[in-house]
Amino acid sequence: MKKKLSTAPLQVEYICPKCGKHLAWALPIVSMSCPQCGKWVTNENRAKVATEVYIPMDSDQVVLFNLEEN
Ligand SMILES: [Zn+2]
């Protein structure tokens, strides 16, 4: 009997810490070189960008901006 995987591997956003270029979404084990400046970007040194959250003062509406690419 085979088990089905119910969760997809968690990918992280790779952003060059040197020039800020968005590279790709990838698994944290991945290393990649920035095509713009040549820096190697790993899970340890990638620039982290917090998800921006805007909550208008005059509204109950919460708008989330996610940069997910599927
Ligand atoms: Zn770069």
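Two residues are in contact if their C-beta atoms, placed from the backbone, lie within 7 Å. With that in hand, select Pro28: leaving out residues up to four places away in sequence, Pro28 touches Val12 and Asn43.

Before going on, a note on the model. Residue numbers start from 1 along each chain, following the sequence as written. The model is predicted, and local features need pLDDT of at least 70, side-chain atom pairs count only at pLDDT 80 or more, while totals for chains, interfaces and linings use all residues.

**The whole chain**

Colour by secondary structure. Helices (H or I, at least four residues) and strands (E, at least two) are DSSP runs, numbered from the N terminus. The chain has 0 helices and 6 strands, and from the N terminus the order reads β-β-β-β-β-β.

How much of the chain counts as buried? Of the 70 residues, 6% do. A residue is buried if 20 or more other C-beta atoms lie within 10 Å of its own, exposed if 12 or fewer, and partly exposed in between, with C-beta atoms placed from the backbone. Among contacts with a separation of 6 or more, 25% come from residues 24 or more positions apart.

**The hairpin**

Select residues 12-15, strand S1, and residues 22-26, strand S2; the two pair in the antiparallel sense over 4 bridges. Strands pair if DSSP finds at least two bridges between them. For one of these bridges, pick Tyr14 and look across to its partner in S2, Ala24. Between the strands of this hairpin lie 6 residues, and in it Gly20 takes a positive phi near 85°.

**Along strand S1**

Select Val12, which is in strand S1. Val12 counts as partly exposed because it has 14 C-beta neighbours inside 10 Å. Beyond four places in sequence, Val12 touches Ala26, Pro28 and Asn43.

Now move to Ile15, also placed in strand S1. Is Ile15 buried or partly exposed? Ile15 has 19 C-beta neighbours inside 10 Å, so it counts as partly exposed. Its contacts beyond four places in sequence are Gly20, Lys21, His22, Leu23, Arg46, Ala47 and Val49. Draw a distance from Ile15 to Val49: the two are 34 residues apart along the chain, and their C-alpha atoms are separated by 8.2 Å.

**The loop between S1 and S2**

Select Cys19, found in the loop between S1 and S2. Cys19 is exposed because 12 other C-beta atoms lie within 10 Å. Which residues does Cys19 contact, leaving aside neighbours within four places in sequence? They are Cys34, Gln36 and Cys37.

Return to Pro28, in the loop between S2 and strand S3 (32-33). With 13 other C-beta atoms within 10 Å, Pro28 is partly exposed. Draw two C-alpha distances to finish. From Pro28 to Asn43, 15 residues apart along the chain, the separation is 5.2 Å. From Val12 to Pro28, 16 residues apart in sequence, the distance is 6.2 Å.
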